[in-house]
Amino acid sequence: MQKPSPKALKIAKPLSHMRLNKLISNAGICPRRAADDLIQAGHITVNGQKVTTLGYQVSPTDTVKYQSQVLKPKPPTYILVNKPKDYITTVRDPQGRKTVLDLVKQAATARVYPIGRLDRNTTGLLLLTNDGQLAQKLAHPSKKIKKVYEVSLDQPIRTADFKAIQDGVALTDGIVQVDELAIVGADRKVLGIAIHMGKNRIIRRLFEQLGYQITKLDRVLYASLTKKNLPRGQWRFLTAKEVRYLKYLA
């Protein structure tokens, strides 16, 4: 009897089976949404056959490959990093610059990737994981994950601008709404800002719009996670309690 092609197989399988995009994510290749793109582009094979069907499920005995790499699900790993300046928040950099993965080379055998991004000159908390499902949920704007930054400016914040930020500032891609804003330093150059929006360089663009330059930008809180006992450039694994709380938020 001829074996049916992967496309012809039914999606519904026993509980021991796993969705193909989840396996790709758990193997540390990329988040689930990006895994769907790999599947549709024909980059994934199951038992030697290309699979392009979204929702396709694999069994523990199937051989799944991305390019020449055999993919196996790995235990979820959660790593918190206190990112220094001059590190790129990507898995790899074609220009050969330092990436955050260079900081966690000794952390685990699992291939992890960052949730969200911090630009090269921004320091502070960054979460890395191979749990694609959690990563996708935490990064989604609807979850409104709280992030707190300490912002150092090149000049004291003017009262009118402080009020403007509280009310919302219009940028080319929409209104920036902050959750909390406070003056930290007596010279009015250091602010604390809480925000859940995740648009590219949003805090830097916010202050540039008002005529300020940021001299230092440091993320001091992500979700419930802080930099306590985590020096710059160092990392630690999350505790089981911290992981449970992140999954509750997501």
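**Entry 1: ground rules.** Helices (H or I, at least four residues) and strands (E, at least two) are DSSP runs, numbered from the N terminus. I am working with a predicted model, where local features need pLDDT of at least 70, side-chain atom pairs count only at pLDDT 80 or more, and totals for chains, interfaces and linings use all residues. Residues are numbered from 1 along each chain as its sequence is written, and side-chain values use heavy atoms, with hydrogens and water left out.

**Entry 2: the whole chain.** I found 6 helices and 17 strands. The C-alpha atoms fill a box of roughly 80 × 40 × 35 Å along the principal axes. Of the 250 residues, 46% count as buried. I then turned to contacts, meaning heavy atoms within 4.5 Å. Among contacts with a separation of 6 or more, 64% come from residues 24 or more positions apart.

**Entry 3: helix α5.** How many of the 8 residues of α5 are buried? I noted 6 for this helix, which spans residues 202–209 and is mostly covered. They are I202, I203, R204, R205, L206 and F207. What do these buried residues pack against? My list reads β10 (147–153), α4 (159–167), β11 (169–171), β12 (174–176), β14 (190–195) and β15 (214–222). Just after the helix, G211 takes a positive phi of about 95°.

**Entry 4: the cores.** A nonpolar core here is a set of buried Ala, Val, Leu, Ile, Met, Phe, Trp, Tyr and Cys residues joined through side-chain atoms within 4.5 Å. The largest one has 35 residues, and V104, V151, I165, I193, I203 and F207 touch the most other members. At least two residues each come from β7, β9 (123–129), β10, α4, β11, β14, α5 and β15.

**Entry 5: V148.** At 19% relative accessibility, V148 counts as buried. The C-alpha atoms of V148 and R219 are separated by 5.8 Å, although the two are 71 residues apart along the chain. Beyond its neighbours within four places in sequence, V148 is in contact with I193, A194, D218, R219, V220 and L221.

**Entry 6: aromatic pairs.** Rings of Phe, Tyr and Trp (its six-membered ring) pair if their centres lie within 6.5 Å; planes under 30 degrees apart count as stacked, over 60 as edge-to-face and the rest as tilted. I counted 3 such pairs in the structure. F207 and Y212 have ring centres 6.4 Å apart and planes at 85°, so this pair is edge-to-face. Both F207 and Y212 are buried. W235 and F237 also form an edge-to-face pair, 5.1 Å centre to centre with 75° between the planes.

Entry 7: Two strands pair if DSSP finds at least two bridges between them. I traced an open sheet of 4 strands in the order β3-β2-β5-β6, with antiparallel pairing. At its edges stand β3 (49–50) and β6 (69–70), each with a single partner strand, so one side of each is left without a neighbour in the sheet. Between β5 (residues 64–66) and β6 there are 2 bridges, and Y66 has Q69 in β6 as its bridge partner.

Entry 8: Last, I checked T90, in the loop between β7 (78–83) and β8 (113–114). T90 counts as buried at 16% relative accessibility. Setting aside neighbours within four places in sequence, T90 is in contact with T99, V100, L101 and R117.

Technical notes: Buried means under 20% relative accessible area, exposed over 50%, partly exposed in between (1.4 Å probe, protein chains only).
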